[in-house]
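This briefing is meant for a reader who has not seen this structure before. Please look over the sequence and the model below, then read the notes that come after.

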Amino acid sequence: MSRIYGESRQLGMVVHDIDEGMRAASELMGIGPFFIMREVRPEWFKYRGADSPPPLLSLAFAFSGPMQLELIQQHDDAPSAYKEFIDRGRQGPQHLSSWAKTHEEYDAARASALETNPVIIHEGQLGPGRFAYFDTVEPALGLCFEIAEGLIPEYAELTANMQSSSSNWDGIDPVRGFV
């Protein structure tokens with residue numbers, strides 16, 4: 001639990017090849033199944049406080065117990081926290097995320113986090129949910145922290161179905177569309 005950002009619900013990993021990332025997580029770690037969204041763009045996006053073209057992303061989600069693993073591949077050169085990460089020659093764990101249950105809870109968490117850390121690398125909206133990545137990247141840690149509207153009612157059933165699918169996953173059909 002972060003006293004600043006709340007309970008961590010997700011580990012986000014930026015990868016060069018999302019299909020290879022899903023294969024490795026499934027085969028080497030036994031995590032799955034993954035639910036994938038290919039080549040999507042946030043509806044709106046800001047990079048370092050300015051309106052910016054949204055990046056083209058593929059996103060894959062799987063659960064390991066209560067923790068969601070998100071794999072992210074960016075397909076273009078739009079500025080983002082993901083591109084910064086890849087441009088540093090990195091791949092792998094890039095962020096931890098806490099999830100808000102309501103839009104009001106998200107607004108309060110964002111305002112509170114800004115009091116401690118006024119630097120948002122990027123923020124936007126994908127579907128009904130907003131997200132903001134705070135710049136907590138330091139050599140000693142190497143991760144940023146995201147707050148997201150991951151528990152809003154519009155996502156509740158989807159999230160529950162994905163988590164349920166992982167609890168008794170037998171290794172078959174490791175990559176799926178959304179349930």
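The model is predicted. The chain has four helices and 11 strands. Its radius of gyration is 15 Å, close to the 16 Å that the globule rule gives for 179 residues, so the chain is as compact as a globular protein of that length. The 11 strands form an open sheet with mixed pairing.

**The chain as a whole**

- Along the principal axes, the C-alpha atoms of the chain fill a box of roughly 45 × 35 × 30 Å.
- Buried residues make up 47% of the 179 residues of the chain.
- Among contacts with a separation of 6 or more, 64% are between residues 24 or more positions apart.
- The chain has an accessible surface of about 8,800 Å², and carbon and sulfur atoms account for 54% of this surface.

- Strands of a sheet pair through backbone hydrogen bonds, and the pairing can be parallel or antiparallel.
- In this model the order of the strands across the sheet is β4-β3-β8-β9-β10-β7-β1-β6-β5-β2-β11.
- The edges are taken by β4 (50-51) and β11 (175-176). Each has a single partner strand, so one side of each is left without a neighbour in the sheet.
- In the strand order, β10 stands between β9 and β7.

**Strand β10 and its two partners**

- Strand β10 covers residues 144-148 and runs antiparallel to β9 (residues 129-134), to which four bridges join it.
- F134 has F145 of β10 as its bridge partner, and Y133 is bridged to E146 of β10.
- Strand β7 (residues 92-99) runs parallel to β10, and five bridges join the two.
- H95 has C144 of β10 as its bridge partner.
- How many of the five residues of β10 are buried? Five of the five are, and the strand is described as mostly covered.
- C144, E146 and A148 point one way from β10, while F145 and I147 point the other way. Residues on both sides are buried.

**The loop between β9 and β10**

- L141 and L143 both belong to this loop.
- Is L141 buried or exposed? L141 has a relative accessible area of 54%, which means that it is exposed, as the cut-off for that class is over 50%.
- L143 has a relative accessible area of 16%. This value is under the 20% cut-off, so L143 counts as buried.
- Leaving out residues up to four places away in sequence, L143 touches P93, Q94, H95, L96, T136 and V137.
- One of these contacts of L143 is H95, the residue bridged to C144 in β10.
- L141 and G124 are 17 residues apart along the chain, and their C-alpha atoms are separated by 24 Å.
- L143 and P53 are 90 residues apart in sequence, with a C-alpha to C-alpha distance of 23 Å.

**Backbone details**

- Most peptide bonds are trans, and most residues other than glycine have a negative phi. The next points list departures from these two patterns.
- The peptide bond from G32 to P33 is cis, with omega near -5°. P33 sits in the loop between α1 (18-29) and β2 (34-40).
- E39 has a positive phi, near 50°, and is not a glycine. E39 is placed in strand β2 and is exposed, with a relative accessible area of 54%.
- D173 also has a positive phi in a residue other than glycine, near 55°. The place of D173 is the loop between α4 (153-167) and β11.
- At 41% relative accessibility, D173 counts as partly exposed.

Terms used
Residues numbered from 1 in each chain as written. Predicted model: local features only at pLDDT ≥ 70, side-chain atom pairs only at ≥ 80, totals over all residues. Heavy atoms only, no water. Rg over C-alpha atoms; globule rule 2.2 N^0.38 Å. Buried < 20%, exposed > 50% of the residue type's maximum accessible area, 1.4 Å probe, protein only. Contact = heavy atoms within 4.5 Å. Areas by Shrake-Rupley, 256 points an atom, 1.4 Å probe, with all protein chains shown as cover. Pairing = 2+ DSSP bridges.
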